[in-house]
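Please keep the sequence and the structure in view while reading.

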Amino acid sequence: MSDAITHYRQLRELTIDELAYVLLMLGHPISADVLGEMERCALPVTVDDLVAIAYVLDTTPVVLLSHIPIDMPEPEALATGIPSDVDQAELRAWLEGKTTLDRQSRVSWWKERLARLRVRAAHHEEQLQGAYAELRELGDLAVQEVDAPPVQGLQWRIQDGEHALNQVEIALALTEHRLDSLRGDVC
């Protein structure tokens, strides 16, 4: 959570002193020194502190609790006391009360995620096919006027669409794998 406080404080372009000042004005005084120790993991963050800091940083306690630093190596588990294969999205859903962590609920949650990803994949595929069709309609003009803004716009849409579709397909494969693993554990 210490990285999350630092990340969101810097994202809001606040210094530690400014964060301490705003907390003081809201009636939840935490000194800049204590905030610094929290950010360095030298002091624990209480639930009251978490709520106040999240409010000032214009986020939620759940976001701070489920934050994973981008440069963090793959953790063995996100939190102690929960199944080790729970990922960040599932952890956040659990923290938000959208699911529980029993096997049946986890399988249902992953099935819903898989269904949403399939809809997203179909949407990206449809958008990509539409961009390809527009490019084909331009015919020779697209070849002759490669640098023309409309042609470049279509090429960027196609490139973005291919990237988005690729990302969704990766997410689909990972989600199907996770679901298969959970189903295997249930049997």
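In which helix is the place of Thr 175? Thr 175 lies in helix H9, residues 149-186, where helices are DSSP runs of H or I with at least four residues, numbered from the N terminus. The model is predicted: local features need pLDDT of at least 70, side-chain atom pairs count only at pLDDT 80 or more, and totals for chains, interfaces and linings use all residues. Residues are numbered from 1 along each chain as its sequence is written, and side-chain values use heavy atoms, with hydrogens and water left out.

**Thr 175**
- Thr 175 has a relative accessible area of 3% and is therefore buried (buried means under 20% relative accessible area, exposed over 50%, partly exposed in between, with a 1.4 Å probe and protein chains only).
- Leaving aside residues up to four places away in sequence, Thr 175 touches Trp 110, Arg 113, Leu 114 and Leu 117 (contact means heavy atoms within 4.5 Å).

**The buried side of helix H2**
- Leu 19, Ala 20 and Leu 23 are buried in H2.
- Seen down the axis of H2, the buried residues fall within an arc of 100 degrees, so they line one face of the helix (the arc is that of the directions from the helix axis to the C-beta atoms).
- Helix H1 (2-11), helix H3 (32-39) and helix H4 (47-56) are among the elements that cover these buried residues.

**The exposed side of helix H2**
- Asp 17, Tyr 21 and Met 25 are exposed residues on the face of H2 turned away from its buried side.
- Met 25 belongs to H2, residues 16-25, and counts as exposed because its relative accessibility is 52%.

Notes
Helix = DSSP H or I, 4+ residues; strand = E, 2+ residues; numbered from the N terminus.
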